[in-house]
Amino acid sequence: MEQPFFSIIIPTYNRPERLANCLQSIAQLNYPPDRFEVIVVDDGSETPIEPVVASFRKQLNLTAIAQQNSGPANARNTGATRARGKFLVFTDDDCMPAPEWLKTLEVRFKAAPDCLVGGRTLNALPDNLYSTASQVLIDFLYEYYNADRDRSSFFASNNLALPAERFHALGGFDTTFPLAAGEDREFCDRWLQHGYQMIYAPEAQVYHAHKLTLYAFWRQHYNYGRGAFCFHQVRARRNMERIKVEPFSFYFNLLRYPFSQKLGQPALAIATLFMLSQIANVSGFFFGKQQVVQDELFVFLALRFMTLFYELLS
């Protein structure tokens, strides 16, 4: 039986070194090279990516697409329009898939060809305190939202795969999300709204090399808060019920979680960063809300001015 054809889609922006590492890992996948393609979408990088991708053209069935900067959601959709695979596989330019990545996805899709499959992300920078905290937080969220692996509800877009036909039927990622924050959560929510199944496959692994500083950690989670507000706005436009605030036990268990894990960093420091992440998240959420209020006020005043202006003319 012929193995399924996969289309690996990678949005990239101003990270040529990380992109090279990503492509090097994909070139070493234990999967027939004629049964997958790689589509790299350059989201308006300042430096052209052609010198990076050129060195992999003999090793990979590789397509590079350039577009004006419009965010990762749009870049992923652009890649999907050029994809030939039965299944789309999304990852990021700072991720390095494990050699058995596609093999494990193949097994999953043979058993459940219509499902969305999310893999596990591992921290490739264990010596970086902030990168470790960010990944451990994702680990906690995966355990919380995907406790039943066959009835999962959230996957990050750096390691997920799904049938191309269903991706296009749902309209792809929502491009109203301007940042790399929240568009994956919204897509998963929309997928579930249509009655489709999500499966967690922790054996499908990628290594995430996202180097963070304290400021970058704050900014990342601040943007997640902005993404969360966009997500709530989108759900409201779909006439869906409001998302309930997580119970107190969620936050209590969140702060306890680092102490139950074997980490290469102090558990207390990770827990402290968890607290900081939640403050940043709330700050970003209310910034988004404030922006909407300001925009609505501006529109109201502009319409009022135009009405008065026409009254004077008449």
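**Burial, a helix and a pocket**

Reader: How much of the protein chain counts as buried?
Author: Of its 314 residues, 46% count as buried, meaning under 20% relative accessible area with a 1.4 Å probe and protein chains only. This is a predicted model, in which local features need pLDDT of at least 70, side-chain atom pairs count only at pLDDT 80 or more, and totals for chains, interfaces and linings use all residues. Residues are numbered from 1 along each chain as its sequence is written, and side-chain values use heavy atoms, with hydrogens and water left out.

Reader: And how many helices and strands are there?
Author: The protein chain has 10 helices and 8 strands, taken as DSSP runs (H or I, at least four residues, for helices; E, at least two, for strands) and numbered from the N terminus.

Reader: Which residues are buried in α8?
Author: Among them are Phe217, His221, Tyr222, Phe229, Phe231 and Arg235. Helix α8 covers residues 214-237 and reaches 35 Å from its first C-alpha to its last, close to the 34 Å expected at 1.5 Å a residue, a span worked out as 1.5 Å times one less than its number of residues.

Reader: Switching topic, which residues lie nearest the centre of the second largest pocket?
Author: Arg120, Asp139, Glu143, Tyr257 and Gln261 do, out of 22 lining residues; a pocket is an open set of points on a 1 Å grid where a 1.4 Å probe fits, with protein on both sides within 12 Å along at least five of seven lines, and lining residues have an atom within 4 Å of a point.

Reader: Which element gives the largest share of that lining?
Author: Helix α5 does, with 7 residues.

Definitions and conventions:
Buried means under 20% relative accessible area, exposed over 50%, partly exposed in between (1.4 Å probe, protein chains only).
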